[in-house]
Amino acid sequence: MSHKKHVILFKRFERFWHWSQAGLIILLMLSGFRIHGLYDLGMDFHTALRIHTVAAWSLVVLWVFAIFWHFTTGEWKQYIPTFDKLFLIARHYAFGIFRGEDHPYHQTAARKHNPLQRLAYLGVKLMINPIIWISGIWLIFFADWGAWPIWQQWGISLQVVAWAHTVGAYMMLIFFIVHVYLTTTGHTPMAHIMAMIRGYEDEPAHHHPRAKAAHKATENA
């Protein structure tokens with residue numbers, strides 16, 4: 001008798017898109033912080049700049065396909081913000097997780113992201129990404145656009161744009177660290193990561209809501 005339940009969560013393209021995006025974002029952060037002079041590691045400035053530019057345009061192309069896939073499959077609905085059980089989930093990460101309590105949100109293929117994740121992704125899309133991409137495109141074309149009188153009147157210099165891009169990069173780094181940490185908070189430290197690799201999660205049978213309900217009914221009998 002199996003003591004685990006296969007919970008199908010992520011489709012093939014979804015996994016490809018996720019890991020490709022993760023790899024490109026890591027490459028962008030490594031090359032970007034080298035451009036900023038945070039470290040050297042034998043990579044010269046111009047090589048880092050070329051890698052950064054190629055990775056950025058590759059990510060744009062990947063996002064075009066990902067956006068098309070999300071809208072044609074209806075998966076975009078997974079990101080609609082909701083406050084349902086938000087307090088319970090916030091409490092779980094603040095206290096419950098350290099007491100060994102079960103997660104209050106049961107993940108399924110139709111409900112992949114809990115309310116806290118949805119709000120976090122919304123913040124990335126509405127705040128972090130615009131800061132990074134608007135300033136990044138501006139930096140690429142600053143030689144053409146920077147001389148326009150209107151930008152000089154508004155005090156938008158190359159230094160201001162560069163600092164905005166750096167602030168966005170650090171915000172993305174913080175999101176990345178928190179995201180990686182949360183991937184280790186499943187019923188095993190590798191459960192969520194393996195689910196994004198294989199597409200399914202081996203969930204202990206007693207973690208399923210129906211099993212919990214049956215167990216509770218048995219206790220109350």
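**Ground rules.** I number residues from 1 along each chain as its sequence is written. The model is predicted, so local features need pLDDT of at least 70 and side-chain atom pairs pLDDT 80 or more, while totals for chains, interfaces and linings use all residues, and side-chain values use heavy atoms, leaving out hydrogens and water.

**Aromatic rings.** I searched the whole structure and found seven aromatic pairs (rings of Phe, Tyr and Trp, the last by its six-membered ring, with centres within 6.5 Å; planes under 30 degrees apart are stacked, over 60 edge-to-face, the rest tilted). Phe 13 and Phe 16 make a tilted pair, because their centres are 6.1 Å apart and their planes stand at 45 degrees. Phe 13 also pairs with Trp 69, again tilted, at 5.3 Å and 40 degrees. I noted that this second pair joins helix H1 to helix H2 across 56 residues (helices are DSSP runs of H or I, at least four residues, numbered from the N terminus).

**Buried or exposed?** Trp 69 is buried at 13% relative accessibility, whereas Phe 13 is partly exposed at 25% and Phe 16 is partly exposed at 48% (buried is under 20% relative accessible area, exposed over 50%, partly exposed in between, with a 1.4 Å probe and protein chains only).

**Cores.** I next looked up the largest nonpolar core, which has 19 residues (buried Ala, Val, Leu, Ile, Met, Phe, Trp, Tyr and Cys joined through side-chain atoms within 4.5 Å). Trp 17, Leu 59, Trp 133 and Met 172 have the most contacts inside this core. A separate second core of five residues includes Val 7 and Ala 195.

Note on methods:
Helices (H or I, at least four residues) and strands (E, at least two) are DSSP runs, numbered from the N terminus.
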